[in-house]
Amino acid sequence: MADNTNQSSPLTVVLIGCGRVAEKHLKAISKLKGLELKAVVDVNPESAKRLLGSVKGFANVKIYNDYKLAIEEIKPSIVSVTVPSGLHFQIAKYAMENGSNLLLEKPMTMSVSEAREIFELSQKTGLKIAMGHIYRYLPIVGLVREDIAEGKYGKVTHGTIYVRWGHGEDYYSSAAWRGTWKSDGGALMNQTIHAIDLLVWLMGSEPEQASAMIAQRVRNIEAEDLGMAVLRLENGALAQIEGTTATIPSKHTAEFSVFCENGQLSMGLDSGKPHLNIFTVKPNGKTKKLNGYYIRKQLKEGGLFSYKCALNPHLGIYKDLQDSIISGKDPIADAYAGFSSVDTLLGIYKSAKEGKPVSLPLEDDFNSVDMTGFFN
Ligand SMILES: NC(=O)c1ccc[n+]([C@@H]2O[C@H](COP(=O)([O-])OP(=O)(O)OC[C@H]3O[C@@H](n4cnc5c(N)ncnc54)[C@H](O)[C@@H]3O)[C@@H](O)[C@H]2O)c1
């Protein structure tokens with residue numbers, strides 16, 4: 001197992017999978033003191049070379065094409081898993097069995113039983129997992145969550161998200177795994193799972209029932225390009241979800257809204273531009289906008305770093321994981337978040353498949369490949 005007790009030496013990192021998202025990881029690592037990228041791994045060495053050339057300061061980092069060899073030789077403190085989703089389980093398991101903490105991209109795994117195994121392994125070993133659930137690391141969301149949890153806005157009634165993250169055929173044909181039930185899933189599993197995670201986290205309760213429909217509208221893929229679902233949470237609140245890649249690719253929008261007895265908040269991104277609207281009702285009945293209050297509070301508590309995370313949330317994820325390994329606290333998007341979001345998402349798929357509501361957490365295993373043939 002990697003020795004993390006000597007805090008004066010950097011935490012070593014091996015990144016596995018040198019594709020699209022990996023560049024965000026390298027940029028984050030390059031900006032943080034106390035992390036040292038020791039090696040990158042890809043079955044395609046050209047991808048590894050391209051990645052190392054794309055971010056300053058990594059020209060001499062070692063390249064492997066076999067993740068097991070890299071983990072065995074380097075014994076890193078952190079393994080970053082940025083391979084296609086269908087490979088997350090085997091690599092995450094191997095890395096933890098060899099003593100590494102994880103920065104694990106979403107979704108944690110493609111089946112409920114695999115996600116449970118990874119979660120339980122982290123509990124058993126004490127190794128930390130920070131999930132690539134970027135939305136939890138955006139400025140202000142953590143502060144709002146605390147206030148909702150402390151009852152500042154009264155009872156949570158409902159929440160909504162839409163993730164309209166259009167991707168054309170060029171995106172889907174750029175890698176054979178994209179849009180397949182085995183390795184990726186569709187718009188819900190890939191583009192929406194971390195947004196569902198944020199909504200449920202903000203609403204402060206666990207999902208107990210899912211009802212859903214999925215559709216294939218315009219993209220030529222195996223899985224869904226459009227999904228809609230309603231969750232009932234244990235606290236009685238309802239959450240409404242829309243996730244799609246069937247919209248115009250140049251107009252990416254994602255929005256989260258939470259409604260409470262005495263307040264409501266909406267935040268999101270519209271073609272890269274953030275927007276925020278937080279309102280409360282004062283005891284005299286007047287409505288007050290709280291944007292300025294939260295912006296100042298975040299600056300006071302998190303400094304400029306918290307706003308830099310808006311541009312690259314992976315910066316916040318690496319810093320959080322680093323702090324967690326050193327202090328022993330759990331990361332903000334921890335192993336449980338990884339497990340629970342996979343369980344919810346697969347519950348949504350199961351409900352769509354069976355045409356009826358399903359209870360959560362799922363009692364039996366469900367795997368994304370159980371959806372094979374759904375649209376045939
Ligand atoms: N959190 C986020 O914001 C975010 C954004 C994009 C992607 N992701 C997730 O990151 C993961 C990767 O997505 P991507 O778009 O970067 O994919 P990608 O296809 O661009 O890159 C994957 C890379 O993994 C490599 N690879 C495949 N099998 C391997 C193996 N056995 N060993 C080593 N390398 C291997 C491929 O050659 C490729 O270079 C997915 O799980 C995706 O859901 C997360």
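I began with helix α4 (residues 88–97) and helix α5 (residues 112–125), whose axes come within 10 Å and cross at roughly 15 degrees. Axes here are lines fitted to C-alpha atoms, for helices over the stretch in contact, and angles run from 0 to 180 degrees between N-to-C directions. Helices (H or I, at least four residues) and strands (E, at least two) are DSSP runs, numbered from the N terminus. This is a predicted model: local features need pLDDT of at least 70, side-chain atom pairs count only at pLDDT 80 or more, and totals for chains, interfaces and linings use all residues. Residues are numbered from 1 along each chain as its sequence is written, and side-chain values use heavy atoms, with hydrogens and water left out.

I noted that α4 and α5 are therefore roughly parallel to each other (angles under 35 degrees count as roughly parallel, over 145 as roughly antiparallel, 65 to 115 as roughly perpendicular and the rest as oblique). I then listed the contact (heavy atoms within 4.5 Å). From α4 come F89, A92, K93, M96 and E97, and from α5 come E114, E117, I118, L121, S122 and T125.

Next I looked up helix α6 (residues 141–149) and helix α9 (residues 291–311). They pack at an angle of about 110 degrees, with axes 9 Å apart. That makes α6 roughly perpendicular to α9. On the α6 side I found L143, V144 and D147, and on the α9 side Y293, Y294, K297, Q298 and E301.

**Ligand**

Which residues come nearest to the ligand? Of the 22 residues around it, they are V21, D42, S85, H88 and E105. A residue is near if one of its heavy atoms lies within 4 Å.

An N or O atom in the D42 side chain is 2.6 Å from a ligand oxygen. For the H88 side chain, the distance from an N or O atom to a ligand oxygen is 2.8 Å. V83 uses a backbone N or O atom, 3.3 Å from a ligand oxygen.

**Backbone**

Most residues other than glycine have a negative phi, and most peptide bonds are trans. I looked for exceptions. K106 and P107 are joined by a cis peptide bond, with omega about -10 degrees. P107 sits in the loop between β5 (101–104) and α5. Another cis bond joins L360 and P361, with omega about -5 degrees. I placed P361 in the segment after β15 (358–359). K75 has a positive phi, near 45 degrees. K75 is in the loop between α3 (67–74) and β4 (78–81).

Key
A polar contact is a pair of N or O atoms within 3.5 Å; within protein, one must be able to donate a hydrogen and the other to accept it, and residues adjacent in sequence count only if both atoms are side-chain atoms.
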